[in-house]
Amino acid sequence: MAEERTRVMEREREAAPGDVYEMVLYQRKKFVEQQLFGQIVVKDGDREWEITQQGRLKYHLQPHTFSEPALRDWQVFSHDVRIHSGKHTHQGGLVIFVLEGKGYSTFDGIRYDWEAGDLMLLPTKPGGIEHQHFNLEQGKPCVWIAFIYWPYWDALGSEMTQGELSPEYQKK
């Protein structure tokens, strides 16, 4: 019997950067490559809904979780508000676009009504802004999508503090 041989081809590894400046150049190169060759379309089926302390969320982009998208500095997530969200506080500085349904949000205790097609702007506020979201037509879809630019949030030193939990959330 002839002896079977398996041949494994390995790609030659890039040389490791030799100093901090070379590391900066290397990381910049990798960043640009990600922008040029990363995933352009994130399909709905690529992500799953999950029940969190804030409610039912689907993260489309999340820089600390998903490495394949072309844009690395954005967090984009949908929120399916069935009854009401949890309540939390952070610096603000995000945009929310209502996809379907009718509801309202409280920002520091003040009520703001919204419906499909509306755009909510969470202002940047020293000490943060406490907020919560409510579905005015329970049993009907009430979905919005939020956009956060992480370099801005990082520059603000944005801290997030959870207050009230979503009624759907069960501690794992």
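Lys-58 is buried, its relative accessible area being 4%; here buried means under 20% relative accessible area, exposed over 50%, and partly exposed in between, with a 1.4 Å probe and protein chains only. The model is predicted, so local features need pLDDT of at least 70 and side-chain atom pairs count only at pLDDT 80 or more, while totals for chains, interfaces and linings use all residues. Residues are numbered from 1 along each chain as its sequence is written, and side-chain values use heavy atoms, with hydrogens and water left out.

**Salt bridges**

The structure holds 9 salt bridges, a salt bridge being a side-chain nitrogen of Lys or Arg within 4 Å of a carboxyl oxygen of Asp or Glu.

| Pair | N to O distance |
|---|---|
| Asp-44 and Lys-58 | 2.6 Å |
| Asp-108 and Lys-125 | 2.1 Å |
| Lys-29 and Glu-33 | 4.0 Å |

Asp-44 and Lys-58 form a salt bridge. This pair links distant parts of the chain, with Asp-44 in the loop between helix 1 and strand 1 and Lys-58 in strand 2 (residues 55–61), 14 residues apart. Helices (H or I, at least four residues) and strands (E, at least two) are DSSP runs, numbered from the N terminus. Asp-44 counts as exposed because its relative accessibility is 55%.

Asp-108 and Lys-125 are also joined by a salt bridge. Here too the pair links distant parts of the chain: Asp-108 lies in the loop between strand 6 (102–107) and strand 7, and Lys-125 in the loop between strand 8 and strand 9, 17 residues apart. Asp-108 is partly exposed at 33% relative accessible area, and Lys-125 is partly exposed at 32%. Elsewhere, Arg-56, Asp-80, Arg-82 and Glu-168 are linked in a network of salt bridges.

**Helix 1**

Helix 1 (residues 20–37) has 18 residues and reaches 25 Å from first to last C-alpha, close to the expected 26 Å; the expected span is 1.5 Å times one less than the number of residues. Asp-19 caps the N-terminal end of helix 1, a side-chain oxygen lying 3.1 Å from the backbone nitrogen of Tyr-21. Within helix 1, Lys-29 and Glu-33 are separated by about one helical turn, because they are 4 residues apart. Lys-29 is partly exposed at 43% relative accessibility, and Glu-33 is partly exposed at 27%.

**Sheet and polar contacts**

An open sheet of 5 strands has the order 7-6-9-4-11, with antiparallel pairing. Strand 7 (110–115) and strand 11 (161–162) stand at the edges with a single partner strand each, so one side of each lacks a neighbour in the sheet. Strands pair if DSSP finds at least two bridges between them. Strand 4 (residues 88–90) and strand 11 pair over 2 bridges in the antiparallel sense, and His-88 stands opposite Gln-162 in strand 11.

Ser-78, in strand 3 (residues 74–80), is buried at 6% relative accessible area. The side chains of Ser-78 and His-60 are joined by a polar contact of 2.7 Å, a polar contact being a pair of N or O atoms within 3.5 Å; within protein, one must be able to donate a hydrogen and the other to accept it, and residues adjacent in sequence count only if both atoms are side-chain atoms. His-84 lies in the loop between strand 3 and strand 4 and is buried at 19%. The side chain of His-84 makes a polar contact of 3.2 Å with that of Gln-132.
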